[in-house]
Amino acid sequence: MGEVLSFGPFVVDPQRQTVLRDGLAVPLGQRAVALLAALAAAAGAVDKSTLMDAAWPNTIVEENNLTVQIAALRRALGQRADGNEWIVTVPRVGYRLIKDATPSSEKAENGSSKLPSIIVLPFPNLSGDTSQDYFADGVVEDLIMALSRFSSFVVLARNSSFAYKGRDVDVRDLQRDLGVRYAVEGSMRRAGNRMRVTAQLVDTQSGAQLWSDTFDGVVADVFDVQERIAKRRWSVRVGLVRSIWMPTISR
């Protein structure tokens, strides 16, 4: 696999073991270059065993080594223009390289994204019961998936969102660091068999809260609560994110 490959602003030369971004070298090790070349050469997702064979030929290594190398690659490549990762995880398969900087439908005439972007921040679990962390994380993941179905804006990937888990975030820093226009914040708490999820939408430029609401439900209906929150429909109009509710959670 000695053919020079390119995607976005990157050029990968497997033979020379080099990666260039806009003509400048990206510092990567031999195994990282081999992984990136395998991903760039593929038409779609690449399974983990194929990637491990590319980076560690004729060697038996633990899968964790692949995870470490992929994480290093993501850091080195940075984010795409839409705020998402170049390398995405394909559940139960492996990884896939997104070769276009932004989908063509999302590009302005000058080639840059013309759509506003939004990030769903991790919801802290305020109940004091760490066993309920999975529910708070599940709500966030479902919201990311639900929002990504709409073409009115760009939704940052899960990896970008969960990089802020456990951190105090000033939403105005998100605009500076990620270029994201809106942020969804929230929290979850439990009392007995009852749970409450709060969520709010914030403009990262001004720090102003545009919308907030509270969802109540019973613990036994945790998946129903997640689904109802995730089914919320969003649209962006004149710089303001407006929402249309599905039927409310029964109390």
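Visitor: Which residues in H2 meet Arg31, Ala34, Leu35, Ala38 and Leu39 in H1?

Guide: A bit of housekeeping: this is a predicted model, so local features need pLDDT of at least 70 and side-chain atom pairs count only at pLDDT 80 or more, while totals for chains, interfaces and linings use all residues. Residues are numbered from 1 along each chain as its sequence is written, and side-chain values use heavy atoms, with hydrogens and water left out. Helices (H or I, at least four residues) and strands (E, at least two) are DSSP runs, numbered from the N terminus, and a contact means heavy atoms within 4.5 Å. With that in hand, the partners in H2 of those H1 residues are Leu51, Ala54 and Ala55.

Visitor: At what angle do H1 and H2 pack?

Guide: Two packed helices are described by the angle between their axes and the distance between the axes. Axes here are lines fitted to C-alpha atoms, for helices over the stretch in contact, with angles running from 0 to 180 degrees between N-to-C directions. The axes of H1 and H2 are 8 Å apart, and the packing angle is about 135°.

Visitor: Are H1 and H2 parallel or oblique to each other?

Guide: Angles under 35 degrees count as roughly parallel, over 145 as roughly antiparallel, 65 to 115 as roughly perpendicular, and the rest as oblique. H1 and H2 pack at about 135°. The pair is therefore oblique.

Visitor: Is the crossing of H1 past H2 left-handed or right-handed?

Guide: A crossing is left-handed if the near helix is turned anticlockwise from the far one by less than a right angle, and right-handed if clockwise. For H1 passing H2, the crossing is right-handed.

Visitor: Which residues in H2 are buried?

Guide: Buried means under 20% relative accessible area, exposed means over 50%, and partly exposed is in between (1.4 Å probe, protein chains only). H2 takes in residues 48-55, and its buried members are Leu51, Met52 and Ala55.

Visitor: At what angle do H1 and H3 cross?

Guide: Arg31, Ala32, Leu35, Leu36 and Leu39 in H1 meet Leu66, Gln69, Ile70, Leu73 and Leu77 in H3. The two axes come within 10 Å, and they cross at roughly 80°. That makes the arrangement of H1 and H3 roughly perpendicular, at a crossing angle of roughly 80°.

Visitor: Is asparagine 58 buried or exposed?

Guide: Asparagine 58 lies in the loop between H2 and H3. It has a positive phi of about 60° although it is not a glycine. Its relative accessibility is 85%, so asparagine 58 counts as exposed.

Visitor: How far is the C-alpha of leucine 121 from that of phenylalanine 162?

Guide: Leucine 121 is in the loop between E8 and helix H4 (133-147), and it is buried, with a relative accessible area of 5%. Its contacts beyond four places in sequence include Val140, Tyr164 and Val169. Leucine 121 and phenylalanine 162 are 41 residues apart along the chain, but their C-alpha atoms are separated by 7.0 Å.

Visitor: What is the relative accessibility of serine 117?

Guide: Serine 117 is found in strand E8 (residues 117-120). Leaving aside neighbours within four places in sequence, its contacts are Val154, Leu156, Gly179, Val180, Arg181 and Tyr182. Serine 117 counts as buried because its relative accessibility is 10%.
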